Amino acid sequence: MQSRSSRASVYDELPYDIAIEVAIEAPVLDVEALHRLADRIMAGENVEPGTSLAVLITGDDEIRRLNHQFLGIDEPTDVLSFPDKSDDFVQALSEEKLLGDIAISLPTARRQAAEVGHSLEAELAHLLTHGILHLCGYDHVTSPEDEARMRSREEHYLGDIPHHP
């Protein structure tokens, strides 16, 4: 298994401390593009500069374990978001303010990309955007109005994105 980590310190111009850990074989994953997207979303949502974000890109087994441990759901999912007040599963390397943690299942992202007919990169961008918006307080489960509001913010950052079946 490949474990690759990318730190925002490599990108000194970024105002956020974004840690992306790739804990699964992903030779063509564009971690820099994910960094730039996370930075753009956090800035667009008025997240305080200097705030940290931890992202784990992992497999179905690990995301299933996290889903069960934190939410009591014993099955894999595409993305999990844990605000700063949750126990951390990716340790940010900074003492700065933490927005939260996001876990993304790469195998689930691949399956979903195939289902809706877009690239893996587009699916990962959608899942990362979705996760960050949850950390910023958006929710799609509470009401149709909240779902439309969150969807509108996703489209603001990503353009018109296909819905999952």
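**Exposed, buried and tilted**

Biologist: Why is T142 called exposed?

Modeller: T142 has a relative accessible area of 52%, and exposed means over 50%, buried under 20% and partly exposed in between (1.4 Å probe, protein chains only). So T142 counts as exposed. By the way, this is a predicted model, where local features need pLDDT of at least 70, side-chain atom pairs count only at pLDDT 80 or more, and totals for chains, interfaces and linings use all residues. Residues are numbered from 1 along each chain as its sequence is written, and side-chain values use heavy atoms, leaving out hydrogens and water.

Biologist: What makes S52 buried?

Modeller: Its relative accessibility is 1%, and buried means under 20%, so S52 passes.

Biologist: How do you know that the side chains of S52 and D17 make a polar contact?

Modeller: They're 3.4 Å apart. A polar contact is a pair of N or O atoms within 3.5 Å; within protein, one must be able to donate a hydrogen and the other to accept it, and residues adjacent in sequence count only if both atoms are side-chain atoms.

Biologist: Why is the aromatic pair of F70 and F82 called tilted?

Modeller: By the ring rule there is one aromatic pair. F70 and F82 sit 4.7 Å centre to centre, with 55 degrees between the planes. Rings of Phe, Tyr and Trp (its six-membered ring) pair if their centres lie within 6.5 Å; planes under 30 degrees apart are stacked, over 60 edge-to-face, and the rest tilted. So F70 and F82 are a tilted pair.
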